[in-house]
Every structure is written in structure tokens, then in C-alpha cells.
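Me: I would like a close look at a single part of this structure, followed by whatever connects to it. Please keep the account plain.

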Amino acid sequence: MIQLSEETRSGWRVVSVSGRADSEAADALEAALRSAVKTNARVAADFATLDYISSAGLRAVLEAARAAQTRGSEFAVCGLSAPVRKVFEMSGLHHVLRIHGELPC
Amino acid sequence: MLEEVVLLAVDETSGGLRSTREFGTAYALVGAVFFDLALARKIDTGTEAIHIVDRSPTGSATLDRVLAAMDQRGDLTTVRQWIDEIFHRRDDLEGEALSSLIRLGLLRHEKSKRLWIIDVERFPLVDNRPQRDVRLRLAEAILSDTIPATRDIMLVSIAEPCGLLGYVLSEKQLAARRERIQMLCNLETISRKVAGAINALDATLHQGIPRMM
């Protein structure tokens with residue numbers, strides 16, 4: 001199960017993601033992030049309470065980052081827990097994503 | 001993606017299926033099946049295990065056959081094990097992908113004899129635009145610095161270990177973008193694992209094949 005919530009802080013649209021970002025949740029995650037990117041110039045995905053991310057979840061984040069790049073929006077990923085950070089680092093996603101320890105806002 | 005791999009391997013002048021290394025196209029087809037199943041959300045993977053998440057049909061006879069076969073093999077839990085298993089069932093993959101491209105009107109099937117005895121099959125392109133499109137997508141993914149579509153990342157990560165990128169860009173271009181290619185091959189969990197499993201399978205097969213010289 002995944003829980004998604006959104007709020008605006010200091011000019012950033014923050015999409016908070018909790019639970020498990022797996023194949024079951026990937027469509028909802030991608031839709032939420034893409035929707036935020038579509039209507040906001042700065043989007044942060046807050047993964048502080050994300051417990052797990054699978055290959056399908058990573059693809060959802062990557063597609064959202066791609067959409068942001070196409071639109072010229074800023075897209076950042078923040079607050080990764082240790083296991084989720086490990087997955088991001090193994091994938092080398094830090095080469096194409098801005099990854100922050102804390103929210104940029 | 002199976003059809004895209006075959007399109008990459010078809011020689012646009014002779015219609016023959018080419019491969020720059022032993023089993024190169026076979027590895028690519030096995031990887032393509034894997035990626036098609038992942039893109040169809042039938043399989044998913046974490047840092048280690050791979051599992052089936054949806055057993056409903058995909059609409060592709062090839063994918064459904066592989067999915068059903070893997071569903072029977074609950075003992076296989078890693079990408080490497082799956083790749084090994086699919087590789088040993090690979091015989092139909094090339095034929096099915098070729099048949100699909102012939103049905104779509106992109107290739108035609110020609111048979112001839114060499115030296116009056118040896119059967120030679122060729123698959124000339126009827127329409128070279130789809131092949132050109134696949135090559136352009138791969139070239140763009142490698143030469144640009146933007147984030148490619150997931151499908152193109154996956155295609156790069158199959159084409160690289162299987163020796164198919166040489167049909168897309170020159171050696172000089174590939175050498176200049178080596179870092180970018182490695183980054184793309186690592187970027188997606190399944191891509192990374194498939195590329196790693198193909199390299200490991202290749203090493204195992206070549207350990208088992210005695211040198212004839």
C-alpha cells in the first residue's frame with residue numbers, strides 16, 4: 001500500500017509518499033508526481049516515510065523526473081531512508097536526479 | 001521490445017540476422033522478453049528477488065508462454081536464474097519475433113540455396129523506417145544528456161552487453177560516450193540486473209565451451 005499527500009511549502013509542491021512503492025503502487029505514484037510536475041515549477045518527492053521501492057517504483061520516479069526535465073521544472077527527491085537510499089545509489093539515479101537529505105523548502 | 005531487438009539485428013542490405021558476438025542476438029532477445037514483462041507490470045524486483053506480480057495474459061503469445069513457464073518455477077528467485085532459464089528456452093523467441101515483424105509488413109521472408117545445398121534464410125526490410133526509428137532513439141539516448149524514456153534505457157542496456165550498439169553508432173562515438181552508456185545500463189534496477197546476468201551467463205557459457213584452436 002502507498003499513501004500520497006501533497007502540500008505547497010515555500011514555492012515547492014511537496015508530494016509525500018509513504019508505504020511501499022512497488023508495481024501495485026507505481027501507476028499512482030507516477031500519476032501524482034507527473035500531475036505535480038505539470039502544474040508546478042518546483043516539485044519535491046518526500047520519501048521520508050517510504051519503506052520500500054521496487055524496480056517499478058523507481059521507473060515511476062524516473063518518468064516523473066523526465067517529465068520535469070521536458071517541462072523545464074525542478075524536481076528533487078528528499079529524505080530517503082537507508083534502504084531506499086541504497087536502492088537509489090545502486091541505480092545511479094543520483095546522476096540524473098537531485099537528491100536531498102532534507103526537503104529543500 | 002522483442003521486435004525492436006530483431007530490427008536492430010537485421011542487416012539492412014543483406015536481410016540477414018547479424019550478431020557481433022556469439023549468442024549476441026539470443027541474449028538480447030532473452031533480455032527483451034524480461035523487459036517486456038516488466039513494462040507490462042507482470043514482474044517486479046527489489047534489490048535481490050524477482051517475482052511475478054500479475055499472472056493475467058499480456059496478449060502476446062511469447063510473453064504469456066514465458067510467464068506461464070516461469071510461474072511453474074517457484075524455485076527460481078533471482079534475475080540471473082530467470083535469465084538462465086529463459087535462455088535455455090530461447091529457440092522460439094527469434095522465430096516468433098520475426099513472424100510478428102513479417103505479419104506487421106516490416107520484413108519479408110526469403111529462402112534460397114547456397115552452393116545448391118545449404119538453405120539460406122533472409123529477412124529483408126520492407127519498410128526501413130521502424131529500424132531507423134529504433135536506431136535514432138538509441139542514438140538520442142546515448143548522445144544526449146537528457147533522461148531517456150524507460151523503454152529506451154532498457155533497450156540501451158540490452159544492446160550494450162549484446163554487442164548491438166555497433167549497428168547504431170560508430171566505435172569512436174561509443175568510446176566517447178562510454179560513461180553515459182554505463183550510467184544508462186545502471187539506471188534502472190531490472191536493466192542493471194539483466195545486463196549483469198547476461199554477462200555472467202556469457203562468462204559461464206564460454207567457460208564451458210572448449211577452445212578449438
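How many bridges join strand S2 (residues 12-21) of chain A to strand S3 (residues 42-53) of chain A, and do they run parallel or antiparallel?

Reply: The model is a predicted one. In chain A, strand S2 (residues 12-21) and strand S3 (residues 42-53) are joined by 8 bridges and run parallel. Within this pair, Ser16(A) stands opposite Asp46(A) of S3(A).

The two strands belong to an open sheet of 5 strands in chain A, ordered S1-S2-S3-S4-S5, and the pairing in this sheet is mixed. Its edges are formed by strand S1 (2-9) and strand S5 (98-100) of chain A, each of which pairs on one side only. From one strand to the next, the twist averages 25 degrees. As a general point, side chains in a regular strand alternate between the two faces of the sheet.

Helices of chain A pack against this sheet. H1(A) touches S1, S2, S3 and strand S4 (74-78) of chain A, and its direction makes about 175 degrees with that of S2(A). Helix H3 (residues 82-91) of chain A lies across S3, S4 and S5 of chain A, and runs at about 115 degrees to S3(A).

Next, the nonpolar cores. The largest one has 101 residues, and those with the most contacts inside it are Val61(A), Phe75(A), Phe88(A) and Phe34(B). Helix H2 (residues 24-39) of chain B contributes the largest share of this core, 11 residues. Apart from this core lies another, of 5 residues, including Trp12(A), Val14(A), Ala76(A) and Cys78(A). For Phe34(B), leaving aside residues up to four places away in sequence, the residues touched are Ile43(B), Ile50(B), Val79(B), Trp82(B), Ile83(B), Ile86(B), Ile190(B) and Val194(B). In soluble globular proteins, nonpolar side chains tend to be buried together.

Charged pairs come next. Over all chains, the structure holds 25 salt bridges. One of them joins Arg41(B) to Asp27(A), with the closest N and O atoms 2.5 Å apart. This pair crosses between chains: Asp27(A) is in helix H1 (residues 23-39) of chain A, while Arg41(B) is in the loop between H2 and strand S1 (43-45) of chain B.

Lys42(B) forms a salt bridge with Asp54(B), at 2.8 Å from N to O. This pair links distant parts of the chain, 12 residues apart: Lys42(B) is in the loop between H2 and S1 of chain B, and Asp54(B) is in the loop between strand S2 (50-52) and helix H3 (61-71) of chain B. Lys42(B) is buried, at 5% relative accessible area, whereas Asp54(B) is partly exposed, at 27%.

Another salt bridge is formed by Asp127(B) and Arg129(B), whose closest N and O atoms are 3.0 Å apart. Asp127(B) has a relative accessible area of 19% and therefore counts as buried, the limit being under 20%. Arg129(B) is partly exposed, at 48% relative accessibility. In chain A, salt bridges with shared partners join Glu30(A), Arg34(A), Glu63(A) and Arg66(A) into one network.

Finally, a strand pair in chain B. Strand S3 (residues 110-114) of chain B and strand S4 (residues 118-122) of chain B run antiparallel and are joined by 5 bridges. Arg114(B) has Ile118(B) in S4(B) as its bridge partner. The hairpin has 3 residues between the strands, and Leu115(B) takes a positive phi near 55 degrees there. S3(B) is hardly covered, as the count of buried residues among its 5 residues is 0.

Technical notes
Residues are numbered from 1 along each chain as its sequence is written. Chains are lettered from A and ligands numbered from 1 in the order in which they are written. This is a predicted model: local features need pLDDT of at least 70, side-chain atom pairs count only at pLDDT 80 or more; totals for chains, interfaces and linings use all residues. Side-chain values use heavy atoms; hydrogens and water are left out. A nonpolar core is a set of buried Ala, Val, Leu, Ile, Met, Phe, Trp, Tyr and Cys residues joined through side-chain atoms within 4.5 Å. Buried means under 20% relative accessible area, exposed over 50%, partly exposed in between (1.4 Å probe, protein chains only). Helices (H or I, at least four residues) and strands (E, at least two) are DSSP runs, numbered from the N terminus. Contact means heavy atoms within 4.5 Å. Two strands pair if DSSP finds at least two bridges between them. A salt bridge is a side-chain nitrogen of Lys or Arg within 4 Å of a carboxyl oxygen of Asp or Glu. Axes are lines fitted to C-alpha atoms, for helices over the stretch in contact, and angles run from 0 to 180 degrees between N-to-C directions.
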